[in-house]
Structure formats: C-alpha cells, structure tokens
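Please look over the structure shown here, and then follow the questions and answers about its pocket and its charged side chains.

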Amino acid sequence: MSADILGESTTKVTELNLPPPTLLSTRHRKKQADHDSQLLANRIALLKKEEMRAVKKIEKTKARAHEIINMRKENDRKHQERVLNSEKAAKAQKKAQKEHLEHEALAQKNRQSRVEKDMQKKIESVQKVRQEKQSLRKDLVKQRQIEIESNRKKNADIKQQQLLLRQKREKASRRRALQNKKAYDRRVKEEEDAIAQREEEVARMEKEELKLIHQLKEAQKLQKEAFGVLEGALNNT
C-alpha cells in the first residue's frame with residue numbers, strides 16, 4: 001500500500017504542470033486516505049486481539065501450574081498418611097504377638113503346675129508299687145516333653161506364618177507405592193510437556209506480535225513520508 005501511495009505521489013508531482021486539482025480529484029484523494037486509515041485501524045485492532053489471546057493463554061498456563069502444585073502436595077500428604085497407617089499396623093501386630101507369647105507362657109506354666117501336682121498325688125497314692133510309679137513318671141515326663149515340643153513347633157509355625165504375612169504385605173505395599181509413583185511421575189511429565197508446548201506457542205506469538213508491530217510502524221513511517229512528499233508537492237503548486 002505504501003508503494004502505491006508513493007507511486008501516486010510521484011505521478012501527481014510529475015503532473016504539477018496540469019491545471020489545479022478538481023473537486024473530483026480532491027474527493028478521490030480523501031477517499032484513498034480514509035481507506036488507508038481504515039486498514040491501519042483494522043491492523044491495530046487485530047494486534048490488540050492477538051495480545052488479549054496471548055494474555056488469556058498465559059493466565060490459563062499459570063492456573064494449570066498452580067493446580068499441578070496442589071495435586072503434588074495432596075499426593076505427598078496421602079503418602080505420609082499411608083506411612084503412618086502402616087507403622088500403626090506394625091505396632092499393633094507386634095503388640096498382638098507379644099500378648100500371644102505371654103498367654104502361651106502362662107498356659108505352659110499352668111499345665112506344668114497341673115502335671116507336677118498330678119504326678120505328686122500319683123506318687124503318694126502308689127508308693128507301694130514303685131515300679132508302676134516309676135513307669136508312670138516316665139510316661140508323664142515323656143508326655144510333657146511331647147507337649148513342650150508340640151507347643152514349641154506350633155509357636156514356631158505361627159511366627160513363621162506371621163513373618164511371611166508381614167513380608168507379603170510389605171512387598172504389596174512397596175509394589176503399590178512404586179506403581180503410584182510411576183503413575184504420578186507420568187502425569188506430571190505429561191502436564192510439564194503440555195506447559196512447555198504452550199509456553200513455546202506463547203513465545204512464538206509474542207515474536208509474531210512484535211514483528212507485526214514493527215511492520216505497522218514501518219508502514220506508518222512510509223505513509224507519513226509519502227504524505228509529506230504529496231503535501232510538499234501540493235504546496236509548491
């Protein structure tokens with residue numbers, strides 16, 4: 001458009017030897033100036049519209065980043081809560097094991113006391129039959145040893161089962177924690193990639209906006225120079 005204006009100005013300067021401008025030519029120049037002014041106004045409005053879009057996108061990106069930070073804090077809080085619950089469960093299980101061992105020890109003591117009393121009564125009642133008494137004592141001692149061994153084995157089996165169960169739960173807990181962490185890291189990376197892409201788009205639009213503003217300034221400068229040449233030519237008429 002600036003080249004056209006300069007061309008028109010040059011043509012009019014070369015035609016200075018012609019008769020003075022008529023009303024029709026003056027109206028034509030005014031119409032051309034109004035048209036150029038409207039084009040510039042449209043370009044300025046377009047630049048402002050693009051600027052508003054860029055601002056909205058920046059605000060949306062900031063809001064998304066704030067949302068990601070809040071989600072990360074919430075996940076950390078939930079993780080701490082799970083750790084505390086796991087520690088409480090371990091303490092409760094340890095307490096139950098201790099109570100079970102104490103109960104078994106007391107039961108064993110009571111059984112042993114009963115056996116000793118029964119044995120004493122039988123010894124007193126069969127004093128005349130020493131052989132039978134000795135046989136009976138051996139049987140009782142053997143039975144007691146069998147019971148002790150059986151209880152020991154049961155306790156060992158219970159401890160082994162409890163250990164396996166605890167290991168299984170710990171393994172499952174670690175597996176769930178790892179899966180949750182992987183899912184969380186994947187979501188965070190996706191959001192960060194999206195933010196980076198949006199930031200690149202905003203940067204590109206800002207460069208494009210600066211380029212358009214620069215072009216607009218250059219066009220205004222050329223237009224001003226063309227009007228100056230035209231005005232000088234008209235003043236010399």
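For what follows, a pocket is an open set of grid points with protein on both sides within 12 Å along at least five of seven lines, and its lining residues have an atom within 4 Å of a point. The model is predicted.

Q: Which element gives the most residues to the lining of the largest pocket?
A: The largest pocket holds about 430 Å³ of space, and among the 15 residues that line it, those closest to its centre are Arg82, Ser86, Arg169, Ser173 and Arg176. Two elements give two or more residues to this lining, namely α2 (23-125) and α3 (130-235). The one that gives the most, with 8 residues, is α2.

Q: How far from glutamate 209 is the nearest side chain of opposite charge?
A: Glutamate 209 has its place in helix α3, and, leaving aside neighbours within four places in sequence, it is in contact with Leu47 and Glu51. Glutamate 209 is buried yet has no salt bridge, and the nearest side chain of opposite charge, lysine 48, lies at a distance of 11 Å.

Definitions and conventions
Residues are numbered from 1 along each chain as its sequence is written. This is a predicted model: local features need pLDDT of at least 70, side-chain atom pairs count only at pLDDT 80 or more; totals for chains, interfaces and linings use all residues. Side-chain values use heavy atoms; hydrogens and water are left out. On a 1 Å grid over the protein atoms alone, a cavity is a set of points where a 1.4 Å probe fits but cannot get out, and a pocket is an open set with protein on both sides within 12 Å along at least five of seven lines; lining residues have an atom within 4 Å of a point. Grid points are joined across faces, edges and corners, and a volume is the space filled by probe spheres set on the points. Helices (H or I, at least four residues) and strands (E, at least two) are DSSP runs, numbered from the N terminus. Buried means under 20% relative accessible area, exposed over 50%, partly exposed in between (1.4 Å probe, protein chains only). Lys and Arg count as positive and Asp and Glu as negative; His and the chain ends are not counted. A salt bridge is a side-chain nitrogen of Lys or Arg within 4 Å of a carboxyl oxygen of Asp or Glu. Contact means heavy atoms within 4.5 Å.
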